[in-house]
Amino acid sequence: MTLPRSLAFRLFAGAAAWAFVLLLVGAIALTTLYQRSVIRTLDGRLTSVVGALVAAAETDPAGDVVLARRPSDPEYARVFSGRYWEVLDVAEDGNTRILIVSRSMWDEQLAAPYDLIERAMAQPGAILTAQSKGPDREPLRIVAQAVRLQNRSNLTLMLAAEDRSPADREVRNFAITSGLMFLGFATAIAAGVFLQVRIGLEPVLRMRHSVAEVREGEAERVDGEFPDELQPLADELNATLDHSRELVERSRTHVGNLAHALKTPVAVLTNEARSRDGDFADLVGKQTEIMSKQVDHHLRRARAAAHAKAVGARTETGSVLADLARTLGKIYGRQGIEVHAEIEPGLVFRGERQDLEEMVGNLMDNACKWAQSDVKVSSRRAGERELEIRIEDNGPGLTDEQAKAALKRGVRLDEKAPGSGLGLSIVTDLARAYEGEVEFSRSEMGGLLASVKLPATSR
C-alpha cells in the first residue's frame with residue numbers, strides 16, 4: 001500500500017527534518033558544553049600550577065627571583081613532556097626576560113602571545129588564558145598571572161602551559177560518539193514518525209480505496225468505519241452520490257417522457273401522410289421522417305450526457321465487441337463481408353453498455369457498408385485509465401477532407417448508401433460526453449481506420 005505522497009510525504013519529511021535539526025543542534029550544544037568543561041578542567045589544573053609558582057616566588061638579597069619550591073608534578077621535569085611553566089620579568093615597555101623555566105622546556109622558551117603580556121600588565125593579579133605553540137610545535141593552553149614581588153620594580157609574570165592535543169582529542173572522540181548516538185536517535189525517530197504517519201493516515205487510505213471502488217463501479221457507496229474526523233466526510237460523499245443518482249434517474253425519466261411526447265405526434269403525422277396521396281402528403285412524410293431522426297439523435301445525446309455523469313457505470317468491452325462482430329457478421333455475411341475481432345481481455349469501459357454499443361455499432365456498421373471483404377475490430381489499453389477501440393476495413397477509405405466532413409451532423413458522403421448521415425455524428429457526441437475522442441485515418445488494410453478513445457477503469 002502506497003502512502004499518498006502529497007500529504008504523507010510532507011508530514012513525514014516535515015517531522016523528520018524538524019527532529020533532525022533539533023538533534024543536530026542538541027549534539028552541537030552538548031559537544032560545546034563538554035569542550036568547555038574539558039577546557040575548564042585544564043585551566044583549573046594550570047591555574048593551580050600558577051598559584052603554586054606565585055606562592056613559592058621570593059626575592060633574594062640580590063633582587064633576583066627564586067622559588068622556594070617547584071611544582072611536584074614529574075611531567076614538568078621530563079623534557080618536552082607537554083607540560084611547562086615559566087617565570088618572566090616584564091619591563092615597563094613590555095619587553096620580557098626569562099627568569100626561571102621548568103626542566104621540561106630544556107633550552108626552549110614559551111612563545112607567550114604579546115596580547116597576553118599586554119593584558120597581564122594592564123591587569124596585575126588577574127588570571128588570564130591564551131593559545132600558543134610549544135617547543136615541539138604542539139598546541140598549548142596557557143594560563144598567566146602577573147604579580148609584583150617585594151623589592152622589584154618590574155612585574156613578574158607566571159606562566160603555566162599544557163599541550164591541549166589530548167583535550168582536543170577527547171572532545172573530538174566525544175563529538176564522534178555523540179554524533180553516532182544522535183544519528184541513531186534520528187533514525188529511530190524517523191522510523192517512528194513514518195509508522196505514526198502510516199498508522200495515522202490509514203483511515204484516509206481506506207477512504208481513498210473506498211472512493212476508488214465507487215468510481216470503478218465496484219461499489220455504490222463509501223462504506224467502512226472511519227474516525228470522528230473523517231466520518232462526516234464519508235457521509236457527505238454518500239449524500240452527494242445519492243443526489244447524483246437521483247439527478248441522473250430524473251434526467252432519464254424526463255428524456256423518456258420527452259421521447260413519448262414527441263414520437264406520438266410525429267407517428268400520427270407520418271401515418272396520416274402515408275394514408276393520403278399528393279405532393280403535400282409526400283412533403284409531410286419526408287419532413288416527419290427527418291423530424292423523427294432528429295428527435296432520436298438529440299434524445300440519444302441527452303441520454304448519453306446523463307449516463308456519462310453517472311458514477312460507477314462500467315461495461316465489459318470484450319463481450320460488447322464480440323456480440324457486435326457476431327451480429328454484423330451474420331447480417332453482412334450474405335454480401336461476402338467477414339468481421340474479425342481481436343479483443344484484449346480485461347478491458348472495462350467506464351460507462352453504459354448501450355452507449356458503447358451505439359458508438360462501436362455505428363462505426364462497425366459503416367465499415368461493413370463500405371468494405372470490400374474484411375472488417376476488423378480490435379481493442380487495447382491506451383493508458384492507465386484509457387482504452388482504444390479500432391475499426392478497420394479494406395474499402396476505399398476517406399481523404400482528410402472527407403474524414404473531417406464525415407463527423408458533421410447530417411453529412412452523407414454517398415447519397416446512394418442507406419442512412420441519415422447522423423450515425424458518425426452520434427458517435428462523436430457520445431464519445432465527447434464521456435470525454436473521449438474519435439479519429440479517422442488510413443488503415444493498413446487499405447480502407448478507413450476509425451479510432452475511438454474512451455475512459456477505462458484501472459487495471
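At 29% relative accessibility, Asp323 counts as partly exposed, a class lying between buried (under 20% relative accessible area) and exposed (over 50%), computed with a 1.4 Å probe on protein chains only. The model is predicted, so that local features need pLDDT of at least 70 and side-chain atom pairs count only at pLDDT 80 or more, whereas totals for chains, interfaces and linings use all residues. Residues are numbered from 1 along each chain as its sequence is written, and side-chain values use heavy atoms, with hydrogens and water left out.

Asp323 forms a salt bridge with Arg353, the closest N and O atoms being 3.0 Å apart; the term denotes a side-chain nitrogen of Lys or Arg within 4 Å of a carboxyl oxygen of Asp or Glu. The pair links distant parts of the chain, with Asp323 in helix H7 and Arg353 in helix H8, 30 residues apart. Helices (H or I, at least four residues) and strands (E, at least two) are DSSP runs numbered from the N terminus. Arg353 is likewise partly exposed, at a relative accessible area of 31%.

The structure holds 15 salt bridges. In one of them, the side chains of Asp73 and Arg83 meet at 2.6 Å, N to O. Asp73 lies in the loop between E2 and E3 and Arg83 in strand E3, so this bridge ties together parts that are 10 residues apart in sequence. Asp73 and Arg83 also belong to a salt-bridge network with Arg45 and Glu162. A further bridge joins Arg390 and Glu388 (3.6 Å, N to O); Arg390 is partly exposed at 26% relative accessibility, whereas Glu388 is buried at 4%.

Leaving aside neighbours within four places in sequence, Leu363 is in contact (heavy atoms within 4.5 Å) with Ile391, Leu424, Val427, Phe440, Ala450 and Val452.

Ala68 lies in the loop between strand E2 (65–67) and strand E3 (83–90). Apart from neighbours within four places in sequence, Ala68 is in contact with Ala56 and Glu58. The C-alpha atoms of Ala68 and Glu58 are separated by 6.9 Å.
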